[in-house]
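I wrote them with the structure open beside me.

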Amino acid sequence: MALDTTLTPELIQEGLARDFNRLVQDQRKSLGLDISDRIVVNYTASARIADAISAHQDYLRNELLAERLDQTATPNGAAKLSLAGEDVFVSIQRVP
């Protein structure tokens, strides 16, 4: 039995999406948001990371309880985070 350890583009994108989820969850926690709060996430990222977020948008929206994931110009008050060696700017707003 052999194990194939080849990283396909799909696996790489999934990993980026999962790392983005972790970073946003950490940011959400640092903002003192409740675990059940619905949010809107605005982000600025490279094309590679934005493509991964877009490809896994349903997963991310479900995990983050996000009404929307919007790619924008650098959001006001955005936190600068590092994902896969690249800067990602993220802003989170609680939905009333």
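Before looking at handedness I noted the rule: a crossing is left-handed if the near helix is turned anticlockwise from the far one by less than a right angle, and right-handed if clockwise. I also kept in mind that this is a predicted model.

Entry on the helices. I looked up helix α1, which covers residues 9-30, and helix α3, which covers residues 57-64, and found that they pack at an angle of about 25° with their axes 10 Å apart. Because angles under 35 degrees count as roughly parallel, I wrote down α1 as roughly parallel to α3. By the rule above, the crossing of α1 and α3 is right-handed.

I then asked which residues of α1 and α3 make the contact. From α1 they are Ala 17, Arg 18, Phe 20, Asn 21, Val 24, Gln 25 and Arg 28, and from α3 they are Tyr 59, Leu 60, Glu 63 and Leu 64. Sorted by type, the residues of this contact comprise six nonpolar, two polar and three charged.

Entry on the rings. I found one aromatic pair in the structure. The ring centres of Phe 20 and Tyr 43 lie 5.7 Å apart with the planes at 65°, and since planes over 60 degrees apart count as edge-to-face, I recorded the pair as edge-to-face. Phe 20 sits in helix α1 and Tyr 43 in strand β1 (residues 39-44), so that the pair, 23 residues apart, links distant parts of the chain.

Key: Residues are numbered from 1 along each chain as its sequence is written. This is a predicted model: local features need pLDDT of at least 70, side-chain atom pairs count only at pLDDT 80 or more; totals for chains, interfaces and linings use all residues. Side-chain values use heavy atoms; hydrogens and water are left out. Axes are lines fitted to C-alpha atoms, for helices over the stretch in contact, and angles run from 0 to 180 degrees between N-to-C directions. Helices (H or I, at least four residues) and strands (E, at least two) are DSSP runs, numbered from the N terminus. Angles under 35 degrees count as roughly parallel, over 145 as roughly antiparallel, 65 to 115 as roughly perpendicular and the rest as oblique. Contact means heavy atoms within 4.5 Å. Ala, Val, Leu, Ile, Met, Phe, Trp, Tyr, Cys and Pro count as nonpolar, Asp, Glu, Lys and Arg as charged, and the others, Gly among them, as polar. Rings of Phe, Tyr and Trp (its six-membered ring) pair if their centres lie within 6.5 Å; planes under 30 degrees apart count as stacked, over 60 as edge-to-face and the rest as tilted.
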